[in-house]
Amino acid sequence: MAKAKSIYRCSECGADYPKWAGKCETCGAWNSLVEEPLARSDARRAPAPAAARSAAGAGAVVTLGEVQGGDGTRWRSGLGEFDFVVGGGIVPGSLLLVGGEPGIGKSTLLLQVAARLHGAGRRVLYVSGEESPLQVRLRAERLADRATDVLLLAETELETILATAASLSRERALDVLVIDSIQTVFTSELEGAPGNVGQVRECAARLMRFAKATGTAVVLVGHVTKGGGIAGPKTLEHIVDTVLYFEGEGTLDHRVLRATKNRFGSVDEIGVFRMGQDGLAAVENPSSLFLGDRDAPASGSAVTALLEGSRPVLVEVQALAARAGFGTPQRVATGVDSKRLALLLAVLDKRAGLSFAQLDVFCNIVGGLRVQEPIADAAIATALASSVYDRPIPSTALLLGEIGLGGELRPVSQVERRLAEAARLGWTDAYLAERGIPSRVPSGLRVHGVRTIDQLLRTLFHAGARESEMPAGVA
Ligand SMILES: Nc1ncnc2c1ncn2[C@@H]1O[C@H](COP(=O)(O)OP(=O)(O)OP(=O)(O)O)[C@@H](O)[C@H]1O
Ligand SMILES: [Mg+2]
């Protein structure tokens, strides 16, 4: 009988078994056994550089300043939004993981990045385990970038991939290795099927050692689970240097690239792309995606400026308050936290005398964005009031500020940046907390300081916000 090459280890208690079982006999956990190579303790260790090993086997200790190498090089793809999100370009020897829903455009993005890196003189190998070479070529031909020159390997066995990468490196160092996807790659050391936890973990760990040992940057494509996380063990996200998520709303053609972990840059940045016939194109002005048609202002619409990372983005909030049908009035929030909406409705009722008790309320963020900052409060509240009064807010008015339970408007962080973006896009009036007015205001923008939501509604609608003045038949 062939000698077993792998063992099954319980991820809960660490007990080892020669065979897989549904339950760990030691700790009683179900479905916790994960396959691991038997020779892992030797093979797993990254080979330490010979110079760092002393005769006695102890490691050589150096001060951080003495560490050699690393001239701060980054490989820019020239696909600006991608470079921006990874922190200014790919760091040699780093391991990146790009996750996203099926069909969102992961392969397209990485093929474009590969093509541009190739164009910039980098040596790139694109390994496709999911698609045939013909499929990849057809995509490459469709893209605006010159992707047909990129080196392709259609392979799923890790040993072959690494041997190919190493042999290519002998001629001339391989700079970037793209693996599409990590779930299709398997090592013959383990018996489990590609994509299972043991396989994914082992393959990713081996690719990580390859990256660190050779200086080749490795980019992994990862599938996501139903819950939206990257499929496979959590260790996958721990061992990589950078985790990027490629997201989008199913019905819209824009895609957002976001870093959730980055050892070499900020995790706050987003890159916005539009998917088209010839691939992904960077969207220079993301605000245009999140603003509805601004020419004919309608009631129930208000604009605020959110920060996506360091970027200010103008976002339109839409609200509709309509007479409720039978039963409890509905509260439907899309892109806004429903608890936040409930809080704002209560504040409007108590502090501005605007009752929604008999009204169904719908609140939506244009462009499928999710609002996380409470700074959108002022825009949500005024959009709601505007819908109740059926009076539009001027289309060039910007509303900024968190609203407290007392109805007070709070100052906004990084207000200068938000105002600058609004002024750049032609906004003429900004409404924000009196205390938070910056000393320097961009030219062309009038800033109106207000103290409370009641005062804000009075200023905007030139009328009292009290219930007695509400249009007949609404409340
Ligand atoms: N001719 C085309 N015109 C416009 N968009 C296209 C065209 N062909 C493909 N697409 C877009 O590209 C997407 C597929 O991209 P891609 O194969 O890169 O996604 P993926 O994330 O790698 O998918 P998978 O999870 O299946 O690997 C499609 O969902 C579609 O939006
Ligand atoms: Mg793909």
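These legends describe close-up views of a predicted model.

**View 1. Residues around ligand 1.** The shell around ligand 1 has 15 residues, and Gly103, Lys106, Ser107, Thr108 and Arg139 come nearest. By class, the shell is made up of three nonpolar, six polar and six charged residues.

**View 2. Close N and O atoms at ligand 1.** The side chain of serine 107 has an N or O atom 2.6 Å from an oxygen atom of ligand 1. For the side chain of arginine 139, an N or O atom is 2.7 Å from an oxygen atom of ligand 1. Isoleucine 104 takes part through its backbone, where an N or O atom lies 3.3 Å from an oxygen atom of the ligand. Ligand 1 exposes 650 Å² when taken alone, and the protein buries 66% of that area.

**View 3. Helices and strand that supply the shell around ligand 1.** At least two shell residues come from each of helix 3 (106–119), helix 4 (133–142) and strand 11 (270–276). Helix 3 gives the largest share, three residues.

**View 4. Helix 5 beside helix 6.** The axes of helix 5 (residues 158–171) and helix 6 (residues 197–214) cross at roughly 10° and come within 11 Å. Helix 5 is therefore roughly parallel to helix 6, as angles under 35 degrees count as roughly parallel.

**View 5. Residues where helix 5 meets helix 6.** From helix 5, Leu158, Glu159, Leu162 and Ala165 meet Cys203, Arg206, Leu207 and Phe210 of helix 6. The contact between helix 5 and helix 6 has six nonpolar residues, two charged residues and no polar residues.

Note on methods:
Residues are numbered from 1 along each chain as its sequence is written. Chains are lettered from A and ligands numbered from 1 in the order in which they are written. This is a predicted model: local features need pLDDT of at least 70, side-chain atom pairs count only at pLDDT 80 or more; totals for chains, interfaces and linings use all residues. Side-chain values use heavy atoms; hydrogens and water are left out. A residue is near a molecule or strand if one of its heavy atoms lies within 4 Å of it. A polar contact is a pair of N or O atoms within 3.5 Å; within protein, one must be able to donate a hydrogen and the other to accept it, and residues adjacent in sequence count only if both atoms are side-chain atoms. Accessible areas come from the Shrake-Rupley method with a 1.4 Å probe; for residues, only the protein chains shown count as cover. Helices (H or I, at least four residues) and strands (E, at least two) are DSSP runs, numbered from the N terminus. Ala, Val, Leu, Ile, Met, Phe, Trp, Tyr, Cys and Pro count as nonpolar, Asp, Glu, Lys and Arg as charged, and the others, Gly among them, as polar. Axes are lines fitted to C-alpha atoms, for helices over the stretch in contact, and angles run from 0 to 180 degrees between N-to-C directions. Angles under 35 degrees count as roughly parallel, over 145 as roughly antiparallel, 65 to 115 as roughly perpendicular and the rest as oblique. Contact means heavy atoms within 4.5 Å.
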